[in-house]
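Subject: Structure handover and findings

Hello,

Here is the structure for your files. My notes on what was found in it follow below.

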Amino acid sequence: MIRVILPPHLRTLAKVDREVSVSVSSPVTQRSVLDAVEKEYPMLLGTMRDRNTGRRRPLVRFFACEEDLSNESPDAALPERVAQGEEPFMVVGAMAGG
């Protein structure tokens with residue numbers, strides 16, 4: 001099981017108050033994890049990625065093992081510790097403004 005930490009506003013939308021776990025077949029990638037999250041929580045469709053292009057939303061960032069993976073290929077394998085459920089895949093709402 002892959003552990004996924006969502007930002008507070010997405011947890012509220014998904015009606016969860018903790019991290020979520022999803023089952024993902026190998027290879028474990030950003031795309032496969034987000035596909036599984038959106039399948040389990042369809043109300044999140046379009047919140048993390050554009051529905052048409054599948055590209056990451058501008059104010060959403062992805063982290064794993066203390067690394068910013070936001071600009072990595074969505075089909076690149078995630079770190080082994082994430083694939084084994086030892087570390088979470090984190091979806092973070094970026095802050096903007098001035």
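The largest nonpolar core of this predicted model has 25 residues, and V4, V33, F89 and V91 have the most contacts inside it. A nonpolar core here is a set of buried Ala, Val, Leu, Ile, Met, Phe, Trp, Tyr and Cys residues joined through side-chain atoms within 4.5 Å. Buried means under 20% relative accessible area, exposed means over 50%, and partly exposed is in between (1.4 Å probe, protein chains only). Two or more residues each come from β1, α1 (8-14), β2, α2, β3 and β5. Of these, α2 gives the most, with four residues. Helices (H or I, at least four residues) and strands (E, at least two) are DSSP runs, numbered from the N terminus.

Two conventions apply throughout. Residues are numbered from 1 along each chain as its sequence is written, and side-chain values use heavy atoms, with hydrogens and water left out. Since the model is predicted, local features need pLDDT of at least 70 and side-chain atom pairs count only at pLDDT 80 or more, while totals for chains, interfaces and linings use all residues.

The buried residues in α2 are Q30, S32, V33, L34, A36, V37 and E38. They pack against β1 (2-5), β2, β3 and β5 (89-93), where a contact means heavy atoms within 4.5 Å. F89 touches Q30, V33 and L34, and also R3, V4, I5, F62, F63, A64, L78 and V82, leaving aside residues up to four places away in sequence.

V92 is in strand β5. With a relative accessible area of 27%, V92 is partly exposed. The C-alpha atoms of V92 and I5 are separated by 8.2 Å, although the two residues are 87 apart along the chain.

Salt bridges

How many salt bridges does a search of the whole structure find? The search gives eight, a salt bridge being a side-chain nitrogen of Lys or Arg within 4 Å of a carboxyl oxygen of Asp or Glu. Among them, D35, E38 and R49 are linked in a network.

R49 sits in the loop between α2 and β3. R49 counts as buried because its relative accessibility is 9%. Its side chain forms a salt bridge with that of D35 (2.7 Å, N to O). This pair links distant parts of the chain, with R49 in the loop between α2 and β3 and D35 in helix α2, 14 residues apart. D35 has 40% relative accessibility, so D35 counts as partly exposed.

The side chains of R49 and E38 also meet in a salt bridge (2.5 Å, N to O). R49 is in the loop between α2 and β3 and E38 is in helix α2, so this pair ties together parts that are 11 residues apart in sequence. Both R49 and E38 are buried.

Apart from residues up to four places away in sequence, R49 touches R31, L34, D35, E38, G54, R55, R56 and R57.

Another of the salt bridges joins the side chains of R81 and E86 (3.3 Å, N to O). R81 counts as partly exposed, at 43% relative accessibility, and E86 counts as partly exposed at 42%.

Backbone points

Most residues other than glycine have a negative phi, and most peptide bonds are trans. The following places are worth a look with that in mind.

A cis peptide bond joins S26 and P27, with omega about -5°. P27 lies in the loop between β2 (20-22) and α2 (30-40).

C65 is not a glycine, yet its phi is positive, near 50°. C65 is found in the loop between β3 (60-64) and β4 (67-68). Its relative accessibility is 25%, so C65 counts as partly exposed.

E66 also has a positive phi without being glycine, near 65°. E66 lies in the loop between β3 and β4. Is E66 buried or exposed? At 82% relative accessibility, E66 counts as exposed.

Regards
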